[in-house]
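Biologist: I would like to learn how to read a protein model. Can we go through one together?

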Amino acid sequence: MEVSAKTEDRFCVVSVLHERIDAADALEFKDAVRRATTHAPSVVILDLHRVNFIDSSGLGAIVAAMKHLAPQRALVLAGLTPAVEKVFTLTRMDTVFGIFHTLDAALSAHRG
């Protein structure tokens, strides 16, 4: 699972470069996010705009990433595609995570 990470003063953006986060990729995803956020600032923005499919294992991997970062750092999500947003809504995980419709919206919220 390939991710890219870019760190600025107040936040780190981790972009998922695959279209799926599922059982086959969940462990690799968790490891990639941990490596990318080892020295991240207080907010990590997970950019999911390329992800078109997520299953329960993928959702669990994102929750694990959030727990790994807590309590020193917060994980927020950006750019959820309609299919991924539906999974977060159906599981009520949209009440657990801060979710921004676009990466630009998340960046604007955390730059100010």
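Biologist: Is Val 43 buried or exposed?

Modeller: Buried means under 20% relative accessible area, exposed means over 50%, and partly exposed lies in between (1.4 Å probe, protein chains only). Val 43 has 13% relative accessibility, so Val 43 counts as buried. This is a predicted model, where local features need pLDDT of at least 70, side-chain atom pairs count only at pLDDT 80 or more, and totals for chains, interfaces and linings use all residues. Residues are numbered from 1 along each chain as its sequence is written, and side-chain values use heavy atoms, with hydrogens and water left out.

Biologist: Which strand holds Val 43?

Modeller: Helices (H or I, at least four residues) and strands (E, at least two) are DSSP runs, numbered from the N terminus. Val 43 lies in strand 4, residues 43-47.

Biologist: Which residues is Val 43 in contact with, leaving aside neighbours within four places in sequence?

Modeller: Contact means heavy atoms within 4.5 Å. Val 43 contacts Arg 10, Phe 11, Cys 12, Ala 74, Val 76 and His 110.

Biologist: Which residues touch the most other members in the largest nonpolar core?

Modeller: In soluble globular proteins, nonpolar side chains tend to be buried together. A nonpolar core is a set of buried Ala, Val, Leu, Ile, Met, Phe, Trp, Tyr and Cys residues joined through side-chain atoms within 4.5 Å. The largest core here has 29 residues, and Ile 62 and Leu 75 touch the most other members. Helix 2 gives the most to this core, with seven residues. A second, separate core of eight residues includes Val 43, along with Val 13, Ile 45 and Ala 106.
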